[in-house]
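Trainee: I would like to go through this model one element at a time. Can we start with the loops and then move to the strands and the surface?

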Amino acid sequence: MRIVQLDKETKKNILSDLLKRDPNQYGEYEATVKEIVENVRHNGDEALKEYTLQFDHTELDTRKMLVSDDEIAEAESLVDPELKQVMQKSLENIRNYHKKQLRTSWFDAQPNGTILGQKVTPLTRVGVYVPGGKAAYPSSLLMNAVPAIVAGVSEIVVCTPAVGGVVNELLLAAMYVLGIKNAYKIGGASAIAMMA
């Protein structure tokens, strides 16, 4: 959250600053993102290294870009037990909410032999991007991974920036609570392109 003290100067530009965030302005970034996606598609790990250095100021060792089980276990052991309980309660609340959204398959045979129906199956694999860097967002992981878990997705992959090659311990503790093992220390559009 950013707090702005309103005075003559800040009042003058506040509306134009807020309008810069307008989704209608996103087109100016489209070419840059497209270039990143194409670079990752064609150059793989080399492109990931390039963008991690450029945007996160971290040298990416592709042999260590997957968060290890030891890193997750260590982070889980460092997080305050009360905070882990809050994460667990949040997980339960989110799970209970999304269970109400579950759909089931159904089939209906018509007298003329026509069969109507709907088969509901979960995706096999999903990618969850969790922003990071200056702050930790374990709630983003919970709110995006739990619906996939409830739906029955068998493989969840997480990508998040790693400042200095280290993922925030709160996020790793949330991964532990969720039982997620696959997380990559990569941020930004290049991480999303990698997952795609």
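Trainee: In which loop is the place of Thr 114?

Mentor: Keep in mind that this is a predicted model. Strand S1 covers 106–109 and strand S2 covers 115–118. Thr 114 is placed in the loop between S1 and S2.

Trainee: Why does Thr 114 count as partly exposed?

Mentor: Buried means under 20% relative accessible area and exposed means over 50%, with partly exposed in between. Thr 114 counts as partly exposed because its relative accessibility is 35%.

Trainee: Which residues of strand S3 point to one face and are buried?

Mentor: Strand S3 spans residues 125–129, and its side chains alternate.

Trainee: What is the bridge partner of Tyr 129 in S4?

Mentor: Strand S4 (residues 155–159) runs parallel to S3, and 5 bridges join them. The partner of Tyr 129 in S4 is Cys 159.

Trainee: Which helix gives the most to the negative patch?

Mentor: The surface patch of negative charge gathers Asp 69, Asp 70, Glu 74 and Glu 169. Glu 74 is found in helix H3. With 3 residues, the helix that gives the most to the patch is H3, residues 69–78.

Trainee: How much accessible area do Tyr 26, Tyr 29 and Val 33 have together?

Mentor: Tyr 26 lies in the loop between helix H1 (8–19) and helix H2 (27–56). With Tyr 29 and Val 33, Tyr 26 forms a nonpolar surface patch, and their accessible area together is about 320 Å².

Terms used. Residues numbered from 1 in each chain as written. Predicted model: local features only at pLDDT ≥ 70, side-chain atom pairs only at ≥ 80, totals over all residues. Heavy atoms only, no water. Patch = residues over 30% accessible without salt bridge, like charges linked within 9 Å, V, L, I, M, F, W, Y side chains within 5 Å. Areas by Shrake-Rupley, 256 points an atom, 1.4 Å probe, with all protein chains shown as cover. Salt bridge = Lys/Arg side-chain N within 4 Å of Asp/Glu carboxyl O. Lys, Arg positive; Asp, Glu negative; His and termini not counted. Charge placed at Lys NZ, Arg CZ, Asp CG, Glu CD. Helix = DSSP H or I, 4+ residues; strand = E, 2+ residues; numbered from the N terminus. Buried < 20%, exposed > 50% of the residue type's maximum accessible area, 1.4 Å probe, protein only. Pairing = 2+ DSSP bridges.
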